[in-house]
Amino acid sequence: MSALLDLWTVVLVSAGAVFYLAGTVGLLRFPDALTRLHALTKADNLGLGLVVLGLVPQVGGVIIGIKLVAVWLLVMVSGACVAQLIARLVRHGSDPAP
Amino acid sequence: MAEFLTGAACFILLVVAVGLVRLLRGPGDADRLMAVQLLGTGSIALVLLIGVVSASPALIDVALTLALLAAFAGVALVRASTTRRPPDNSQ
């Protein structure tokens, strides 16, 4: 059973790391700001989400596992809000539309 | 298993460090903010991985506060750059 959990962790954490890599490469290579924002949010949510899901079986208590998922939910909510703000900043330059 | 998690943490750190190049090169301040956001999320993943490897649940609270602060950084910059113009034409 524990081998299965270890396999789960290895697969998910490496998938999360791959998404971090993809997001960073996208952040560096994409031509304009909005496409970079798209790549960034992928790395943010998916990379961290897979790492967190991979870590859940490694953590002893259930409460700590719930706290791990809470970190991911907080990052998803704050990442979504900040991504909208960045997009507005990019679209309207420094002054928002009247 | 601990070695694998530490290796994954080092890999994510390396990837985020490479992502910081966008901070130097970024034409606009939005690009720089994106690099900071990626650094924040990457360090959250790093803190979680190291927290699980060192089996100390306190680090998960560190990751929670880090997630909060990363959001504040983004909001602060957007707020600062949209109020640069004179305040008379604010709705």
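A salt bridge is taken here as a side-chain nitrogen of Lys or Arg within 4 Å of a carboxyl oxygen of Asp or Glu, and the views below are of a predicted model.

**View 1. Salt bridges between chain A and chain B.** By that criterion, 2 salt bridges are counted between chain A and chain B. One of the contacts that meet the criterion joins the side chains of Lys67(A) and Asp61(B), with an N to O distance of 3.0 Å.

**View 2. The interface of chain A with chain B.** In this predicted model, 41 residues of chain A are in contact with 44 residues of chain B, and the two chains bury about 3700 Å² between them, with 81% of that area on carbon and sulfur atoms. Of the area that chain A buries against chain B, 16% is supplied by Tyr20(A), Leu28(A) and Leu89(A), which is more than any other three residues supply.

**View 3. The crossing of helix 1 and helix 2 in chain A.** The axes of helix 1 (residues 2-29) and helix 2 (residues 33-55) of chain A come within 8 Å and cross at roughly 165°, which makes helix 1 of chain A roughly antiparallel to helix 2 of chain A, because angles over 145 degrees count as roughly antiparallel. Helix 1 of chain A passes helix 2 of chain A in a left-handed crossing.

**View 4. Residues where helix 1 and helix 2 of chain A meet.** Helix 1 of chain A contributes residues including Trp8(A), Leu12(A), Gly16(A), Phe19(A) and Tyr20(A), while those from helix 2 of chain A include Arg36(A), Leu40(A), Ala43(A), Gly47(A) and Val51(A). Sorted by class, this contact of helix 1 with helix 2 of chain A has 15 nonpolar, 6 polar and 1 charged residues.

Key
Residues are numbered from 1 along each chain as its sequence is written. Chains are lettered from A and ligands numbered from 1 in the order in which they are written. This is a predicted model: local features need pLDDT of at least 70, side-chain atom pairs count only at pLDDT 80 or more; totals for chains, interfaces and linings use all residues. Side-chain values use heavy atoms; hydrogens and water are left out. Axes are lines fitted to C-alpha atoms, for helices over the stretch in contact, and angles run from 0 to 180 degrees between N-to-C directions. Helices (H or I, at least four residues) and strands (E, at least two) are DSSP runs, numbered from the N terminus. Angles under 35 degrees count as roughly parallel, over 145 as roughly antiparallel, 65 to 115 as roughly perpendicular and the rest as oblique. A crossing is left-handed if the near helix is turned anticlockwise from the far one by less than a right angle, and right-handed if clockwise. Contact means heavy atoms within 4.5 Å. Ala, Val, Leu, Ile, Met, Phe, Trp, Tyr, Cys and Pro count as nonpolar, Asp, Glu, Lys and Arg as charged, and the others, Gly among them, as polar. Buried area is the accessible area (1.4 Å probe) that two parts lose on being put together, summed over both.
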